[in-house]
Amino acid sequence: MFSNARQTRTACERLPSNPNMGLTIRDVAKAAGVSTATVSNVLNKTGKVGRHTHLLVLSTVKRLGYFPNAHARHLASRDNRTLGIIVSDIENPFFPEVIKSFEVRARQLGYDAILSDTNYDPSRTRKAAERMMEHNVRGVAVMTSEISLQLIHELARRRIAVTFLDLAPVGSYMSNLKIDYFSGVEQIIKYLHRSGHRRIAFVAGRPRLKSNIARLQAYEKSMRDLRLQAGPVLPGTAVVAINDLTAVGVIKGLLKAGCRVPQDISVTGFDNTRLAEYSNPSITTVDVHREMVGQMAADALHELSRSANPEGKEYQIPAELILGDSSGPAPFE
């Protein structure tokens, strides 16, 4: 089972550094106004820390009388069998199956797993990554776009394996999972075109998410390739939603407005979550094999963390059109 990263402690934090005061590395970080990862970098001479920050941490250590516990450092340096996974929103229907398959595969490979969700907040993402570093995990699956490349490279510099969803080029200790968003969207557009639809709208999501940008760009190119004009929602239009959750909202709004789905307007989703199957009508969607995403993420971290030459790879995740009852032939106009 997963343990929440907020509730766990590193070996260094569990064991008091000073028998008189019980100071921890977290106390030093708080007093200096820096992260625990920064304090760890200074004390262990790892990573890059600016001169001013370096001196600030050292002076704080001296002022507080903090002495790193040798036994705790020994525990922290052992061969840790823990993998972490960071997701944008645990309540998003896309993630539960990814998380479950990641945890199952990690357990099969002999690892424990810890989970953090960021609620699409970059500052929470940074804190989640710092917790992973504090826990000295062997690898982290970053399933969110709200993370800087600098932070990803910081993990890799610490020899922590990183797997992410199409965020950066592969490199040392860094592998990439590439979902074929273009193929998935293209399959939807071509299917709707074959069904007689010519006015096909796109309902977008969060504008800064790379996965959303990729889907929008795929929609625009697919429309151009068929010499169709991307346009607003009109009677007789098919609607391509960014994901299944959005598709459910679109269908609800259309039905409330007196439109029939799919007799008047066809609606499609993306991701093939449980919502697609249980919605009424069931949703035409694209399966991006979320169980494969979680499993491949764990496999990639395992391979990187045990390799003598930890050069990352790119793993391809296919997309497959799944027909439901929310789409059909274009109405006669």
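Modeller: Buried means under 20% relative accessible area. The model is predicted, and by that definition both Phe94 and Phe95 are buried.

Biologist: How many aromatic pairs are there?

Modeller: Ring centres must lie within 6.5 Å for a pair to count. By this rule the number of aromatic pairs is three.

Biologist: Of which kind is the aromatic pair of Phe94 and Phe95?

Modeller: Planes over 60 degrees apart count as edge-to-face. The centres of Phe94 and Phe95 are 5.2 Å apart, and with 85° between the planes the pair is edge-to-face.

Biologist: Why is the pair of Phe202 and Tyr219 stacked?

Modeller: Planes under 30 degrees apart count as stacked. The ring centres of Phe202 and Tyr219 are 5.0 Å apart, and the pair is stacked because the planes lie at 25°.

Biologist: Which elements does this pair link, and how many residues separate Phe202 and Tyr219?

Modeller: Phe202 belongs to strand β7 and Tyr219 to helix α10, so the pair joins distant parts of the chain. Both residues are buried.

Biologist: Is Asn243 buried or exposed?

Modeller: Asn243 lies in the loop between β8 and α11. Its relative accessible area is 18%, and because the limit is under 20%, Asn243 is buried.

Biologist: Which residue has its backbone nitrogen 2.8 Å from a polar side-chain atom of Asn243?

Modeller: Leaving aside neighbours within four places in sequence, Asn243 is in contact with Arg215, Gly269, Phe270 and Asp271. The backbone nitrogen at 2.8 Å from the side chain of Asn243 is that of Thr246.

Terms used
Residues numbered from 1 in each chain as written. Predicted model: local features only at pLDDT ≥ 70, side-chain atom pairs only at ≥ 80, totals over all residues. Heavy atoms only, no water. Phe/Tyr/Trp six-rings, centres within 6.5 Å; stacked < 30°, edge-to-face > 60°. Buried < 20%, exposed > 50% of the residue type's maximum accessible area, 1.4 Å probe, protein only. Helix = DSSP H or I, 4+ residues; strand = E, 2+ residues; numbered from the N terminus. Polar contact = N/O pair within 3.5 Å; in protein donor to acceptor, adjacent residues only side chain to side chain. Contact = heavy atoms within 4.5 Å.
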